[in-house]
Amino acid sequence: MLGRTDTDSGMIADPLAPVASTPPAAAPPLALRYRAVRAGMAALARGLSGEDLAVQSMPDASPGKWHLAHTSWFFEVMVLEPHAGLAPLRPDWLYLFNSYYDALGERHPRPQRGLLTRPSLEQVLAYRAEVDVRMLEFLATDPATPAQALVELGLQHEQQHQELFVTDLKHLLSHNPLAPAWRVAPARTTAGANPPLRWIAHGPAGPVAIGAEGPDFAFDNERPRHSVWLEPFALASRPVTCGDWLAFIEAAGYRDPTLWLADGWDAVQAGGWQAPLYWRRGDAGWQRYSVHGPVAIDPAEPVAHVSYYEADAYARWAGARLPTEAEWEAVACGRVFAGAFADDGRLEPAPVTVECFGGNVWEWTSSAYSPYPGFRALTGAAGEYNGKFMSGQMVLRGGSCASPRDHVRSSYRNFFPPAARWQYSGLRLAKDQA
């Protein structure tokens with residue numbers, strides 16, 4: 001059981017219990033939002049053991065226990081200490097759970113997070129509960145606008161780590177020979193047919209405005225809104241599916257060096273890539289590992305867990321290309337995002353129809369992650385959140401089946417290195433128009 005008494009603090013650490021303090025009916029709106037968001041990661045821990053949450057499968061992934069602690073660390077050091085004047089609850093833990101904020105001191109090496117057997121899961125959950133009590137008491141005082149802005153940043157940060165919690169745990173459990181499931185699979189019918197694809201034309205040539213505007217939350221890397229010149233193009237009405245990808249595999253796409261960028265071909269050779277991550281060919285055909293355990297490949301589902309290199313090679317094989325992030329946003333803006341999100345509970349892509357935007361899989365673009373014209377990072381330590389990573393990364397758009405629905409918008413810019421595969425990353429095709 002996850003909920004046990006922490007012998008250090010005497011508190012009951014139940015990850016499924018609601019956060020304490022101010023009754024919901026009397027709480028200000030930001031406190032209600034805090035409760036709702038913080039409950040999300042606790043729900044993801046349902047049914048998992050301490051062993052499940054303590055292990056790290058690779059340097060890019062973190063243990064679930066670390067995610068639970070780090071997101072609480074964020075509220076302590078970014079909000080409670082500077083704005084409520086509260087000293088940290090566990091000063092000796094600050095080193096353990098800092099991620100990459102150099103302005104806030106030294107940190108434990110990322111590849112060694114799986115070695116942190118102490119503090120225990122029980123202690124981490126007790127710490128999380130104590131931070132929640134302090135935060136709700138602070139929010140009941142109606143803090144000033146700068147502090148509220150940092151709280152909202154912290155909640156958006158928490159939602160990002162909820163997604164990482166899912167993808168990191170999936171990567172970990174995929175290495176277990178038992179291929180364990182940690183979510184109940186939704187009702188599954190026979191595999192669907194590969195849905196048809198149509199092209200959504202955008203033109204004529206001219207400027208379009210992209211980026212976030214208005215008072216609603218957006219990360220600093222989504223601003224400022226600015227104009228980009230676009231030539232006529234067309235964007236596919238749906239992401240590339242598993243059925244599409246099977247044709248690429250059967251056409252020897254992974255064995256044709258003419259389709260690949262040089263770095264991509266090196267990655268194929270070094271990694272022995274023959275299919276997307278988690279795919280396996282067995283006596284009964286292709287299967288993939290999922291959070292529901294092994295499942296048969298469904299041709300109607302968006303392909304997931306492919307790198308930028310794979311996406312680029314597939315697009316070249318298909319006689320198309322990847323869209324720029326400006327092209328993607330120009331077509332997606334104003335559309336209903338109807339794919340699967342974390343709120344749906346399946347935590348795997350859902351079969352798509354002829355038209356589908358948002359959710360299911362993050363979609364690689366051909367755009368390098370760089371600052372928009374006039375970009376200004378946030379002040380203080382929060383300025384390290386995005387800007388320092390604007391090198392060697394590619395932009396993805398649209399959210400995934402592990403993203404909370406209210407966390408994603410058409411201007412949202414996700415980014416990963418081009419060889420990354422453990423995220424729910426897929427692609428949508430684009431082509432030039434005469």
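## Close-up views of a predicted model

**View 1. Leucine 347 sits in a buried spot.** Leucine 347 is buried, with a relative accessible area of 2% (buried means under 20%, exposed over 50% and partly exposed in between, using a 1.4 Å probe and protein chains only). Its phi is positive, at about 55 degrees, although the residue is not a glycine. You will find leucine 347 in the loop between helix 9 (325-332) and strand 10; helices here are DSSP runs of H or I with at least four residues, strands are runs of E with at least two, and both are numbered from the N terminus. This is a predicted model, in which local features need pLDDT of at least 70 and side-chain atom pairs count only at pLDDT 80 or more, while totals for chains, interfaces and linings use all residues. Residues are numbered from 1 along each chain as its sequence is written, and side-chain values use heavy atoms, leaving out hydrogens and water.

**View 2. Alanine 179 also has a positive phi.** The angle is about 45 degrees, and alanine 179 is not a glycine either. Most residues other than glycine have a negative phi, and most peptide bonds are trans. Alanine 179 lies in the loop between helix 5 and strand 3 and is partly exposed, with a relative accessible area of 21%.

**View 3. Helix 5 (residues 145-174) is largely enclosed by the rest of the structure.** Of its 30 residues, 23 are buried. Helix 5 reaches 44 Å from its first C-alpha to its last, close to the 44 Å expected at 1.5 Å a residue (the expected span is 1.5 Å times one less than the number of residues).

**View 4. Helix 1 (residues 29-44) crosses helix 4 (residues 121-139).** Their axes come within 9 Å and cross at roughly 165 degrees; axes are lines fitted to C-alpha atoms, for helices over the stretch in contact, and angles run from 0 to 180 degrees between N-to-C directions. That makes helix 1 roughly antiparallel to helix 4 (under 35 degrees counts as roughly parallel, over 145 as roughly antiparallel, 65 to 115 as roughly perpendicular and the rest as oblique). Among the residues making the contact are Tyr34 and Met41 of helix 1 and Asp132 and Leu136 of helix 4, where contact means heavy atoms within 4.5 Å.

**View 5. Strands form an open antiparallel sheet in the order 7-8-9.** Two strands pair if DSSP finds at least two bridges between them. Strand 7 (279-282) and strand 9 (293-296) stand at the edges with a single partner strand each, so one side of each has no neighbour in the sheet. The twist averages 35 degrees from one strand to the next. A hairpin links strand 7 to strand 8 through 2 residues, and arginine 280 has glutamine 287 in strand 8 as its bridge partner. Serine 290 stands opposite glycine 293 in strand 9. Helix 6 (residues 242-250) lies across strand 7 and strand 8, at about 65 degrees to strand 7.
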